[in-house]
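Have a look at the structure first.

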Amino acid sequence: MHVKCYHCDEAIPRGFNAVLTILGEDKKFCCYGCLAIAETIVSGGLENFYQHRTKASEKPDSLSQSQQDEIHLYDDKTLQEDFVETIDGISETHLSIGSITCAACIWLLEREINSLDGIKQFSINHTNHRAALSWNDAQCSLSTVLLKVRKLGYKARPYQDDLVKRQAKLDKRISIFRIAVAGIATMQNMMFSLPLYLGSESSIDSEFVALFRWVSLIMCTPVVFFSALPFLKAALRDIRTRHLTMDLPVSLAILAAYTASTYITVFSSSHLESDVYFDSVAMFTFFLLLGRFFEMQTRHKHLNSDADFNQLLPATARVKTADGEISKPAHKIEVGDILIINQGEIAPADGIVLEGQSRFDESALTGEFLPINKTIGSVVNGGTANVENTILIATTSTPKHSRVSAIIRMLDQAHHEKPQTVQLADIVASYFVAFVLISATIAGVFWYFIEPEAVFTTVLSILVVTCPCALSLATPTAMTSVNTFLRSKGLLIAKSHTLEAMSNTTDIIFDKTGTLTEGKLQLSSTNTFNGANKSITLTIAAALESHSRHPIASAFKHYFKESANKVETTLGYGLQGSFEGKSYRLGNLSFALNNTPAKDKISESHGVHIFLSELSESKQYTLLAQFELSDTLREESLSCVKAFQAQGIQVHILSGDHLNSVQHIAQQLGIKHIQAAQSPEQKLYYVRKLQQENKEVAMVGDGINDLPVLSGARLSIAMGGASDITKLNSDAVLLNSHMSILNLAFQSADRARKIIKQNMVWAIGYNLLMLPLAAMGLVPPYFAALGMSLSSLIVVFNSLRLKS
Amino acid sequence: MEILFILIPISIAFVAFAIWIFGWAINNGQYDDLEGPAHSILFDDDADMVPDRNGKPKTKPTKDPTQP
């Protein structure tokens, strides 16, 4: 068992040693990034953070020079116009903060940022991780704050309000208000209905009965016409689209009970015989609203928090003009602008290379994990990262019309054609509603011929008695239990049809890069030659690679101790530099040996190989080590795939990467159905084809290129490392890298289905039993109320069994 | 018991007032963060203010930097 990093709780690589004394004890760290953050925290006197926090922090990315430059760009006044308000020298803005894992993170950030000079106020909202910042521009700059946040291991970027976010905020406020009104009215109504329940004909004067009823009516009216409005509107929509859901019986129950009680209050004599149901209406609405609110909260919580990060396209661009270099907000880029893209930056728009030569990491767009060569005339896609040299591109599109945006636009269409999962509850509800309405009509007609005065009361008592409380609770309570259980394991269920779709799945499709595999190059083996020491060769390699932004470099990050000098990059071949007085080369074989034939025996298997050589005094390069790098499988991929196959679910791989690497992975996992080198359109087509064969398809993916296919599949699951737009458009998000949770989720879905069925049988059985009794006028009101609560309680307890 | 005819309308007025206050608080953004306050109260740096055996604080409370 490895020792875990004190800061981020990840395993410490063997041979790495970084120690800091915190709270009187020596603590170990996994990388210099974590150590630097811990030092910042301790030097600020905030080491209590480590006692307060309830979850480990996220592993920090190192901040490159170009990222620092980008942060400094935010000090530009013209850029700030978009998001900063300045009044009397005090500037105000909102920031999105990323990587917050628990409440102690917020405490740490608030303490540290507020202690900076010139900061008036800095406070973070725990729910959406948005910070309100006001500062004195003369004393402090925005970039100072952003850099400080980065130094503590978090991310920050200016937050831009848009219509959708503003709408979401208003929606949340109004639903809280709806709940508040329903809650207050429920309490008041209970107070006034208690004497009516307990009192007898002799102990309570009829004038007071009338008073209590009228007061209850007043209290209940805003509940029905304000709090319950979402249900009523949904029910109207159901009728218009002829698609019956639970909203219709819920609205019917609310309206029927309210109308009946109002009728009794206004017209009937003030006797205790006929009962009013105002308290039930208010309470029913209150609990339903509360349930929906919690559901909405959990959906928004995880999806909102990091939603403003890892944006696909950068917010700023550097443009070369006749007068020199200027920086521009990305949305002002026009076709034909000449953009400068430095190493490590993301291209803000599509373009053609005008000058320079480099490589671009296109993994997010294509699934290919090795960077692609770009020379003069090559097409660069917006949203891909430059990993080597500065180049100039002439834009061929605005950011809005780039390839990335086009893929995102495919979303809407794919989503529109997504097969709908008809929920069990809705099917049952539509039959049930139809049944109740028909029996009420029949009973009404029947009574019309026997005793016309009794029609109204009988029909109403049928509608009230069959109030589908328990039925409407059957599905949501079971769903909530399973969702809570799965969330504690690390799978966030975002949409309500997910569990039902899981239990029907016949085919599951995995993306390769970043889903079945880790999605980044990792050192898979090291061979040493000529008596070299393994850990020393790793240190040298890390020292050289620290100058590179190539994805290969990140594989050596763990071994980094100090930087090498005089590092030169030979594009496409490797790096050369000196470390502790000696000169080294790191790159492909012919580069490392300076085109001399290799003397040592070298084995080449799958993956990327790079070689380290040392320049001896005789000006000869001698080979020291061979590093094999590959995109390795996730630990649990194999067991996850095997478990699905054992369940009888077909497993497919659908990847944008080359056939070779896809085959290599498929062989290890024993997957027969593979499709390689697929464009987003082809992926979507593949899923469509399967769905036309009546297969129920689930898709697991992470990249932008998976986005259309994720929204086209019946069920979509995004990996935690996926871009935010991908997560937002998926039905479920895997929050950690444990693939086996998917198996667990599919099993839980089956169990949930069983419990839901039991609940429905019970709820409907009870209602069916009461219906004829009510139609004959045999059910006393107090018994109906008691039975209704009892049957709902049974449903709730049955659902709670799912939590274990 | 006739007093109820006066008291109950008064109580309705109170309830209406309470709902109005609630609406004002919601619009004022006081319910935008439903979790934060529950946590932040626990994070006070009061280690140096906890009294020692003689019942005196170890040091004087320092200025809280989160307060402007």
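## Ground rules and confidence

This is a predicted model: local features need pLDDT of at least 70 and side-chain atom pairs count only at pLDDT 80 or more, while totals for chains, interfaces and linings use all residues. Residues are numbered from 1 along each chain as its sequence is written, and chains are lettered from A, with ligands numbered from 1, in the order in which they are written.

Helix α13 of chain A (residues 403-416) has the lowest confidence in the chain, with a mean of 66, and strand β18 (residues 507-510) the highest, at 90. Helices (H or I, at least four residues) and strands (E, at least two) are DSSP runs, numbered from the N terminus.

## Helices α9 and α10 of chain A

Helix α9 (residues 229-241) of chain A packs against helix α10 (residues 247-267) of chain A at about 125°, with the axes 8 Å apart. Axes are lines fitted to C-alpha atoms, for helices over the stretch in contact, and angles run from 0 to 180 degrees between N-to-C directions.

## Where chain B meets chain A

Contact here puts C-beta atoms, placed from the backbone, within 7 Å. By that rule, 24 residues of chain B touch 26 residues of chain A. On chain B's side, α1 (4-27) and α2 (36-40) each give two or more residues, and α1(B) supplies the largest share, 11 residues.

Conventions:
pLDDT = per-residue confidence, 0-100. Contact = placed C-beta atoms within 7 Å.
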